[in-house]
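Q: I am new to this structure and would like to learn how to read it. Could you show me the features step by step?

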Amino acid sequence: MIHFDRFILDNGMCVLVHEDKSTPLVAVNLLYKVGAKYESPNKTGFAHLFEHLMFGGSKNAPDYDEPLQWAGGESNAFTNNDVTSFYATVPTQNLETVFWLESDRMVNLNINAKTLDVQRKVVVEEFKETCLNQPYGDVWHHLVKLAYEVHPYRWPTIGLTPEHVESATLHDVKDFFYRYYHPRNAILVVSGNVKEAQIRQLAEKWFGDIEAHEMPDVRIPVEPEQQSMHIHQMEANVPTDALYMAFHTGKRCEKDYYKSDLLSDILSRGRSSRLYQRLLKDRRLFSDIDAYVTGNIDPGLFVIEGKPADGVSIEAAEAAVWEELELLKNELIVERELQKIKNKVESSLVFSETNILTKAINLAMFEVQGNADLINQEAQLYRSIESQELLAHANHLFRKENCSELFYRAKR
């Protein structure tokens, strides 16, 4: 059980505190409720750009990393479709350094032509390196565009095209910062060798007097239910063919997510999983195959991806996957197989609770979805799912009209 306290500052900033006396360290996670889905279709990649800009220095800390390193700490960040999260780990006695650094860049971030030009070049180069110049690097661009029609998940976090970031003006960037990077749109989580009263005092000192902006009026369009199978075929200079199948599934905090997650583990978690044993080891139809759930806050995707073995057509590989999905739809999963997967999931959850940074990040992610205590309920949610529920869910999930398939062929 992860115990935590929760309070709200007068400016709307949410603060969660988890006390863990077993460590001399403390982890701080500052999550902003802004990800790629909050961008305009003609101005994508801004949330990811700001992940970089936030390390470009602020008025009283020209170099974010230097004072943190002097304090014995380290930091990093991530951006996804839903949120941007900045986190740091530091010895408890130097915790206030992190509060100073985070509050200063929340108020006094250096946003000028020079910093924008530097970070814009970094982001564009990253786009080219990971998406344009790497085999299969543009897969996600094609797959989400195929699966989503109206929801902004139809573009990846890095953006639709590098031109959107290249053409971003200083006014565009400052406007995006003002709308989203402020206390009312933030969740601060502190996990480690601290006391709630200490964190309350530090939060009030460093964040309490920061102006509370109005929350942006953002209306995310609801993705309509897919009515027919979507198929896209393409060729590229890649070593071998690849198959991608995406099925629409539920939100991260809905029970259907946990059913989908268990099904993905049954299919591909470990060397004893169905897809590995039957399609890779026994029938040798694939050289590599995986299944996973995206875990988005809004309804996400259940993805199966694999590379056919030498001499195996992509059509034959696809047919074999559908055969395995039909088995899931027509046979109850035996208790031994299901219990084995549940044990693995619970072991992973328990192990994650030993790390203060993981706890801080997870608490923030559950809080942004409206229920931080879900961190303590997940194991029971997985345990409560029965074979009959998985059978029904497989029949709802693995329908051809719910599927988007990308045939990524190597140029011959």
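This is a predicted model: local features need pLDDT of at least 70, side-chain atom pairs count only at pLDDT 80 or more; totals for chains, interfaces and linings use all residues.

Q: Where is His-393 found?

A: His-393 belongs to helix 15, which covers residues 387-397.

Q: How many helices and strands does the protein have?

A: The secondary structure consists of 15 helices and eleven strands.

Q: Is His-393 buried or exposed?

A: Buried means under 20% relative accessible area. His-393 has 5% relative accessibility, so this residue counts as buried. Across the protein, buried residues make up 54% of the 412 residues.

Q: Which residues is His-393 in contact with, leaving aside neighbours within four places in sequence?

A: Contact means heavy atoms within 4.5 Å. With those neighbours set aside, His-393 touches Thr-249, Asp-256, Lys-259, Ser-260 and Leu-263. For the protein as a whole, take the contacts with a separation of 6 or more: 81% of them join residues 24 or more positions apart.

Q: What does the radius of gyration say about the protein?

A: Compare the value with that of a compact globule. For 412 residues, such a globule would have a radius near 22 Å, and the protein has 23 Å, so the two agree. The C-alpha trace spans about 60 × 50 × 35 Å along its principal axes.

Q: How far apart are the mean positions of the positive and negative charges?

A: The protein has 44 positive and 61 negative charges, and their mean positions lie 2 Å apart.

Terms used:
Residues are numbered from 1 along each chain as its sequence is written. Side-chain values use heavy atoms; hydrogens and water are left out. Helices (H or I, at least four residues) and strands (E, at least two) are DSSP runs, numbered from the N terminus. Buried means under 20% relative accessible area, exposed over 50%, partly exposed in between (1.4 Å probe, protein chains only). The radius of gyration is taken over C-alpha atoms; the globule rule is 2.2 Å times the number of residues to the power 0.38. Lys and Arg count as positive and Asp and Glu as negative; His and the chain ends are not counted. The place of a charge is taken as NZ of Lys, CZ of Arg, CG of Asp or CD of Glu.
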